[in-house]
Structures are given as structure tokens and as C-alpha cells.
Amino acid sequence: MNNANRIATAFAKPHPALVCFVTAGDGDTAANLDALVDGGADVIELGMPFTDPMADGPAIQAANIRALKAGTTTADVLMIANEFRDRHPQVPLVLMGYANPMVRRGAEWFAQEAAGAGVDGVICVDIPPEEDSALGPALREQGIAPIRLATPTTDDFRLPTVVEGSEGFLYYVSVAGITGKQSAAQDSIDAAVKRLKAATDLPVAVGFGVRTPEQAGAIAKVADGVVVGSALVDLVAEHGADAPAHLRDLTARLAQAVHSRS
């Protein structure tokens, strides 16, 4: 299955997609990723560690520090992705991170290497859609979806710019702030998803501040996907080598909530 189709297939299932995030190089990443798949995650987000993860809260910042202290490089991230693809041919894999590691050797180099590793999509937090030329064309040429972020401050004037050129799914950041620290009111999520779905045919996945199966299930009633990150990263920090069992358990409970939204 080619890169573009894996994400589309995940969101074409008869239930919303559960999107799960962990940081590359934080603990036994291969075992952690396998645990997410075993638990029922539909899409995997793999964080690329960076020294200044400005959109991330304490949990993912700490994971970045642990990964960098362990010596994790961009080459390591790509190797983890490549080995994941060998083990899980059908599961979509999205790299999430910041511009510096993605473009420092050239956008074309990164896109080609990511495609060769079986990556399906890329979320670059700090390249705005107005600067799409910095990375977007290189990704599209390799069949990799540039996945854009919309936030509570994305107004009706800017939304078309965010949507244009976005592929895979639209990631709605449900709080105006960093990951993991606060949760949006469900009413505000309902209204935002309705507005976004009126502006695009892409699936809309909601993340930031989603920690429990109850929250995930409520969001799944209106969204096409639910993204969980910090709650999973916290388990890696707490349990270390024993994290996979805990990741599998929480992912299974999240998946049950998201997949049974009705």
C-alpha cells in the first residue's frame, strides 16, 4: 500500500481513528510503538526530538530531553520509522516535529528519506502554511501528506490558507497553548469541528489535552479522529522499560472509547 492510501484507509474505517503519539528515542521506541498498534491505535505519530519544542508541554519537553540525551538523531528517527514499516505494513506513520531537523539538509533530502522509510505524513509545527514552499512541495512530490494544524485562533479569513495544500487529515489543536496542560470544553470542540468540516473534505482529528478514554469518546462523537500524546508519553517516563504493557492497556481503553462512539 502506498503512503497516501494508508492514512485514507485509516480514516475510512466505520469508526473514528485513534491517533497515538510517542517520542522517538524515549525508551524502547520499537516496543512502545508495537504496544500502541497492539492496543488498537489506527494512526501512529512519532515525535522527532528537538531542543526547543515550543508547542509542547512539560511531558513531551521532558521526553525530547531524554531522547536527545540518549543521542537520538534524525537518522535514528528514520531508522525507527523504517523498521516500524517493516513490522506494520498497513499502519499509517506520521512524523511530528519542528523545521530545523526537517530542512537543515534540504527539504528534498528529508522528504526522500522519509518516503524511503515508509512515512505517510509529516506535521511540522513551526512552518506556517504561508511558508509552505519550505517543505510542502518536497513532501508532496514523494507522496507524503503535509498535515496542517488549525487552532482556536484560526479565523475564517486564514482557514482557507490552512486547508489549501493540507493532506491526510486536518489536526485541530483544541486549546490555544501547549500540549498536555489543559483541556478544551466539549462545546467549543463541537463548534470548531463543525466549522472545520464545513471548510474541508479532509478528516478532522482533535488533539492537545486529550488524556482519558472519557474525553476521547466524547470527542469521537463529533470528530473523525482523536489524538492522544502526553498521557502516553507520561507512561514512558513513569515506567521506563516496563512502559509497553501500560501503553497497550491505555491505548486499548482509548480505542474502545473512540471506536464505539455511538
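Are Tyr 171 and Phe 208 buried or exposed?

Analyst: Tyr 171 and Phe 208 are both buried, where buried denotes under 20% relative accessible area, exposed over 50% and partly exposed the range in between, with a 1.4 Å probe and protein chains only. The model is predicted, so local features require pLDDT of at least 70 and side-chain atom pairs pLDDT 80 or more, while totals for chains, interfaces and linings use all residues. Residues are numbered from 1 along each chain as its sequence is written, and side-chain values use heavy atoms, without hydrogens and water.

The structure contains three aromatic pairs (ring centres within 6.5 Å, using the six-membered ring for Trp; planes under 30 degrees apart are stacked, over 60 edge-to-face, the rest tilted). One of them joins Phe 11 and Phe 169, which is tilted because the centres are 5.2 Å apart and the planes meet at 40°. Phe 11 belongs to helix H1, and Phe 169, 158 residues away, to the loop between helix H8 and strand E7 (DSSP runs of at least four residues for helices and at least two for strands, numbered from the N terminus). Both Phe 11 and Phe 169 are buried.

Tyr 171 and Phe 208 form an edge-to-face pair, 6.0 Å between centres and 85° between planes. Tyr 171 sits in strand E7, whereas Phe 208 lies 37 residues away in the loop between strand E8 and helix H10.

The largest nonpolar core has 65 residues (buried Ala, Val, Leu, Ile, Met, Phe, Trp, Tyr and Cys joined through side-chain atoms within 4.5 Å). Apart from it lies another core of 22 residues, including Phe 11 and Phe 208.
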